[in-house]
Amino acid sequence: TTEIYTLSLHDALPICNVTLTGIAVVDDKLSSAPVCPLSSLAPGASTICTATYMLVQSDLDAGRVVNTAYAEGTPPATPGNPTPPRVPIPEDEETSVLPAMPSLTLVKTAGAPSGNAVGSTIPYSFLVTNTGNITLTAIAVVDSKLITAPTCPVSTLAPGATTTCTGSYVLTQSDLDTGRVLNTAYAEGTPPATPGNPTPPRVPSPEDDETTELAQTPSVTSV
């Protein structure tokens, strides 16, 4: 996910008594140089230059964009200084804070039971999707009914990415007596640490449950 913001810089070249030409703003973070409506400034005059910056995923994960720029212009040539150097101003820094919106979803699906006896198994798949705007790490599925935690092929999900985790449940006699297995699970992941949130808490998905009906085959024998 990317966003665009507009950066406006007010010219702050040192006040002097000569006209400056070739006015420009230097910002190494931008792919295109800022546009200035005026290229020449008389003493005391000003201009506002504008540009746009396209956010990348690392900006969103960092939670901020720190951008530095400076303006410069060229003084008039004189007999004593026929090729005057450009006159820069000190750099100015701007920090834009980006809101983190971490979010996960989980869709749980049960496969067919391997049998209808104690010890038979039910396979489960868990489709985990990062529906937020930041990268999540240490992806895991929490299913308290399973003896062994589900296995996920990847542990990091970028926004929009998915992974399918798998696990299995072993039937007990109480499951067969009830005639069904109701299982609930959720996914969770960890957002990136940022200066404003150095130890972010785990982000859980809403729970998803799945009910599997079990065939009951009552039978009595006598001798």
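Visitor: Which strands form the open sheet of three strands, and in what order?

Guide: The order is S8-S9-S11, with antiparallel pairing. A strand is a DSSP run of E, at least two residues long, numbered from the N terminus. The model is predicted, so local features need pLDDT of at least 70 and side-chain atom pairs count only at pLDDT 80 or more, while totals for chains, interfaces and linings use all residues. Residues are numbered from 1 along each chain as its sequence is written, and side-chain values use heavy atoms, with hydrogens and water left out.

Visitor: Why are S8 and S11 called edge strands?

Guide: Strand S8 (104–110) and S11 each have a single partner strand, so one side of each is left without a neighbour in the sheet. From one strand to the next, the twist averages 20 degrees.

Visitor: What makes Thr163 buried?

Guide: Buried means under 20% relative accessible area, exposed over 50%, and partly exposed in between (1.4 Å probe, protein chains only). Thr163 has 4%, so the residue counts as buried. Thr163 sits in strand S11 (residues 162–170). Beyond its neighbours within four places in sequence, its contacts (heavy atoms within 4.5 Å) include Phe126, Val128 and Ile139.

Visitor: How do you know that Cys152 and Cys165 form a disulfide?

Guide: A disulfide needs two cysteine sulfur atoms within 2.5 Å. For Cys152 and Cys165, S to S is 2.0 Å, so the pair qualifies.

Visitor: What makes Cys36 and Cys49 a disulfide?

Guide: Their sulfur atoms are 2.1 Å apart, so they pass the rule too. This link is right-handed, with 110 degrees about the S-S bond. Cys36 lies in the loop between strand S2 (20–26) and strand S3 (40–41), and Cys49 in strand S4 (residues 48–54), so this pair ties together parts that are 13 residues apart in sequence. Cys49 is buried at 3%. The disulfide count is two. In sequence order, the bonded cysteines pair 1-2, 3-4.

Visitor: Which residues touch the most other members of the largest nonpolar core?

Guide: They are Phe126, Val128 and Val141, in a core of 28 residues. A nonpolar core is a set of buried Ala, Val, Leu, Ile, Met, Phe, Trp, Tyr and Cys residues joined through side-chain atoms within 4.5 Å. S4, S8, S9, S10, S11 and strand S12 (180–190) each supply at least two residues. S9 gives the most, with four. A second, separate core of six residues includes Cys36, Cys49, Ala69 and Ala71.

Visitor: What does Val141 touch?

Guide: Setting aside residues up to four places away in sequence, Val141 touches several residues, among them Leu106, Phe126, Val128, Cys152 and Cys165.

Note on methods. Two strands pair if DSSP finds at least two bridges between them. Axes are lines fitted to C-alpha atoms, for helices over the stretch in contact, and angles run from 0 to 180 degrees between N-to-C directions.
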